[in-house]
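Please examine the sequence and the three-dimensional structure shown here. The paragraphs that follow lead through the structure one region at a time.

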Amino acid sequence: MSITTTCIPASKTNVNKVELPSNALVLPPTSQLQALLTIIRDEKTQRGDFVFTSDRIIRLLVEEGLNHLPVVPRTVRTPVGIDYDGVAFQGRICGVSIMRAGEAMEAGLRDCCRSVRIGKILIQRDEETCQPKLFYAKLPDDISERYCLLLDPMLATGGSCIKAIEVLLSHGVQEDKIIFLNLIASPEGINNVCLKFPKLRMITAWVDEGLDGHSYIIPGLGDFGDRYFL
């Protein structure tokens, strides 16, 4: 059974009182979602529980991301011989994970879209310039013809995400065909990404308070990649 949600503009949610761009969307702050987030934020949560709970949130994000793909009318015949006027997705999709934490979201996408093509982008900080630098990119050859779900669980300053979006644009992906899926974001990161790329859509599960002096998300949940993979 498909999980469905109703995404709401970040500027209208009481998750955070900060006004955010209209192209930033937040999952409804249900009791279930808050309970799941509490589990993965807890420093005492063991890896098995962290992975299981994170996967549940990722599934919600992926399902919501798919809700933002265009559809066309489609009529099918049911087993009782009656026509049903429904819809079908228009266009093809692919996922692109920002390594390595974003790779944790690939399975959730595959659970919803069998045989979906996956690309990978590795971005790290250049020690000399302190700016995000592209180290590796492996993308589908026809990515310019697809809707792209960009995957990264944590959005702090937005530097790596912005660089990844620039890589997608340089490969011919249209900005309005990029949907960025994210678990936890800072208001600073959301503004940096969404104001720079106003045609993309960002969907996050939660907006945290902000960044500390080291640009760590607070209250955050620590290093997502380490907690998920190690």
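Over residues 1-5, pLDDT stays under 50, and the model has nine contacts beyond four places in sequence for this stretch. Where pLDDT is low, the predicted coordinates should not be read in detail. The model as a whole is a predicted one. Its mean pLDDT is 91, and 90% of the residues reach 70 or more.

Helix 1, which comprises residues 31-41, packs with helix 2, which comprises residues 47-67, at an angle of about 140°. The axes of helix 1 and helix 2 are 9 Å apart, and helix 1 passes helix 2 in a left-handed crossing. Which residues make this contact? From helix 1 come Gln32, Leu33, Leu36, Leu37, Ile39 and Ile40, while helix 2 contributes Phe50, Thr53, Ser54, Arg56, Ile57 and Leu60. Sorted by class, the contact of helix 1 with helix 2 consists of eight nonpolar, three polar and one charged residues.

A second pair is formed by helix 4 (residues 159-170) and helix 5 (residues 187-196), whose axes are 9 Å apart. How are helix 4 and helix 5 oriented to each other, roughly parallel or roughly antiparallel? The two helices pack at an angle of about 20°. Angles under 35 degrees count as roughly parallel, and helix 4 and helix 5 are therefore roughly parallel to each other. Helix 4 passes helix 5 in a right-handed crossing. In this pair, Cys161, Ile162, Ile165 and Glu166 of helix 4 meet Asn192, Val193 and Lys196 of helix 5. The residues of the contact of helix 4 with helix 5 comprise four nonpolar, one polar and two charged.

Helix 5 also holds Asn191. With a relative accessibility of 23%, Asn191 counts as partly exposed. Asn191 and Leu20 are 171 residues apart in sequence, yet their C-alpha atoms are 6.6 Å apart in space. Apart from neighbours within four places in sequence, Asn191 is in contact with Glu19, Leu20, Pro21 and Lys196. Lys196 also takes part in the meeting of helix 5 with helix 4.

The strands may be considered next. Arg74 belongs to strand 3, residues 71-77, and Gly86 belongs to strand 4, residues 83-89. Is Gly86 buried or exposed? Buried means under 20% relative accessible area; Gly86 has a relative accessible area of 17% and is therefore buried. Eleven residues along the chain separate Gly86 from Thr75, and the distance between their C-alpha atoms is 5.7 Å. When residues up to four places away in sequence are not counted, Gly86 touches Val72, Pro73 and Arg74. Viewed from Arg74, and again leaving aside neighbours within four places in sequence, the contacts are Tyr84, Asp85, Gly86, Val87 and Ala88. Arg74 and Val87 are 13 residues apart in sequence, with a C-alpha to C-alpha distance of 4.7 Å.

The backbone itself deserves attention at several loop positions. Where are cis peptide bonds found? The peptide bond from Met99 to Arg100 is cis, with omega near 0°. Arg100 is situated in the loop between strand 5 (92-99) and helix 3 (106-112). Ile218 and Pro219 are also joined by a cis peptide bond, with omega of about 0°. Pro219 is located in the loop that runs between strand 13 (217-218) and helix 6 (224-229).

Two serines have a positive phi. For Ser115, which is not a glycine, phi is about 65°. Ser115 is placed in the loop between helix 3 and strand 6 (117-125). Is Ser115 buried or exposed? Its relative accessible area is 74%, so Ser115 is exposed. For Ser215, likewise a residue other than glycine, phi is positive and near 65°. Ser215 lies in the loop between strand 12 (210-211) and strand 13. At 34% relative accessibility, Ser215 counts as partly exposed.

Note on methods. Residues numbered from 1 in each chain as written. Predicted model: local features only at pLDDT ≥ 70, side-chain atom pairs only at ≥ 80, totals over all residues. Heavy atoms only, no water. Helix = DSSP H or I, 4+ residues; strand = E, 2+ residues; numbered from the N terminus. Buried < 20%, exposed > 50% of the residue type's maximum accessible area, 1.4 Å probe, protein only. pLDDT = per-residue confidence, 0-100. Contact = heavy atoms within 4.5 Å. Axes fitted to C-alpha atoms, helices over the stretch in contact; angles between N-to-C directions. Parallel < 35°, antiparallel > 145°, perpendicular 65-115°, else oblique. Left-handed = near helix turned anticlockwise from the far one by under 90°. Nonpolar A, V, L, I, M, F, W, Y, C, P; charged D, E, K, R; others polar.
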